[in-house]
Amino acid sequence: MGQAQGASVSGACGPMARFGAEYAYDLLELSHSIEQVEAGGRWAVMIPYSGVPVFARFGAWEGQPRESTIGVWKGVNSSTWTSSMNNASYERAVERTRSAISRGEVYQANICRIRSNGFDPDNDIMALDALLAKGNPAPHSGGLRIPQEGIHIACASPELYLCRVGSTLISQPIKGTARTASGLLDKDRAENIMIVDLVRNDLSRSCAVGSVKAVDLLEVQEHPGLVHLVSTVQGEINPEIGWSQIVETSFPPGSITGAPKIAAMEIIKSLETEERGPYCGAFGWIDSDTHTANLAVAIRTFWLDGDQLKFGTGAGITWGSDPRTEWEETQLKARHLAKIAERDSIQVSQ
């Protein structure tokens, strides 16, 4: 795709993005090819786990939202959430994953479910994004609204998929979740190290030989209502490698697939009953002029799909997993954010 159609649309219905403290306006170009990003400019990026990627080049990146460009969010009904897997079916999926592990087919796999709810058709996803930024501050949060592409995403991700600073490529996989640090188990630590090895292998396919290393392991990070174990892996990008190759060799992120990655993805395909869509994909921005980027793993993410608000939640399954505990982990990850989506933005702002 080339020049954006409808780029002159303004107000609360027009294209815009937020990443961290920056707001993007004046859509110049849309593309479904990451190769277009290499041509120059700063792009908002949405690469779904399943679906068509979208790259949007915006002309203005500003420190505050423009007046009247964010609408309202009327909270969804707390009693009408549905799930692609209920408690029993999710626990069966955990047991089937453990059986695959016992047969040596995989060491770990991330099994997810999609929660859905109806919403007011006048709701603006950027208003939900603003609610999330207040109620659940996250290091890699953002929102993206491109109506002509059907893109409406609000992300409160704590996890870094890829960050680029010059020639340095950084990833910070999360594995291990509990209510408090004392609740983290040996299983969580083993799972984190397993995924660190996978990420090191992924980055080594784009980076100079010997440059990829884990610089921090098993750091405990606190987030609203829970804690995570986070590790940091980084390497130096080979000069001839571009974004197309970087993403091709590292996507989907290892933390939301499993190890070995291809085998884990096959198990995911056989067990999950609804496609993930943007959930578990890559979400953020790339600036090819300054050789910088910040792409989150699109977890803790809401998106609009037809007349439904969607939200994904999952857990990493190992041989040591207890099905009931893994179900509770998916509940824990969803609980706080669902409450935010149930709020009314007008009431919150008063």
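Phe-19, Phe-58, Trp-61 and Phe-283 come together as one aromatic cluster in this predicted model. Across the whole structure, a search turns up seven aromatic pairs. One of them joins Tyr-279 and Trp-303, whose rings are stacked, with 6.5 Å from centre to centre and 10° between the planes. Tyr-279 sits in the loop between α5 (261-271) and β15 (282-287), while Trp-303 belongs to strand β17 (residues 301-305), so this pair ties together parts that are 24 residues apart in sequence.

Now turn to a loop residue. Ser-250 is found in the loop between α4 (243-248) and β14 (258-259). With a relative accessible area of 5%, Ser-250 is buried. Which residues does Ser-250 contact, once its neighbours within four places in sequence are left aside? They are Tyr-161, Leu-162, Asp-202 and Lys-261.

When two helices pack, the angle between their axes and the distance between the axes describe the arrangement. Helix α2 (residues 125-135) packs with α6 at an angle of about 130°, and their axes are 9 Å apart. That angle makes α2 oblique to α6, because it falls between the roughly perpendicular range, 65 to 115 degrees, and the roughly antiparallel one, over 145. The crossing of these two helices is right-handed. On the α2 side, the residues that meet α6 are Leu-128, Leu-131, Leu-132 and Gly-135; on the α6 side they are His-336, Leu-337, Ile-340 and Ala-341. Sorted by class, this contact of α2 with α6 has six nonpolar residues, two polar ones and no charged ones.

Helix α1 (residues 87-102) also meets α6: their axes come within 9 Å and cross at roughly 120°. α1 and α6 are therefore oblique to each other, and α1 passes α6 in a right-handed crossing. Here Asn-87, Tyr-90, Glu-91, Val-94 and Glu-95 of α1 meet Pro-323, Arg-324, Glu-326, Trp-327 and Thr-330 of α6. By class, the contact of α1 with α6 has four nonpolar, two polar and four charged residues, whereas the contact of α2 with α6 has no charged residues.

Definitions and conventions. Residues numbered from 1 in each chain as written. Predicted model: local features only at pLDDT ≥ 70, side-chain atom pairs only at ≥ 80, totals over all residues. Heavy atoms only, no water. Axes fitted to C-alpha atoms, helices over the stretch in contact; angles between N-to-C directions. Helix = DSSP H or I, 4+ residues; strand = E, 2+ residues; numbered from the N terminus. Parallel < 35°, antiparallel > 145°, perpendicular 65-115°, else oblique. Left-handed = near helix turned anticlockwise from the far one by under 90°. Contact = heavy atoms within 4.5 Å. Nonpolar A, V, L, I, M, F, W, Y, C, P; charged D, E, K, R; others polar. Buried < 20%, exposed > 50% of the residue type's maximum accessible area, 1.4 Å probe, protein only. Phe/Tyr/Trp six-rings, centres within 6.5 Å; stacked < 30°, edge-to-face > 60°.
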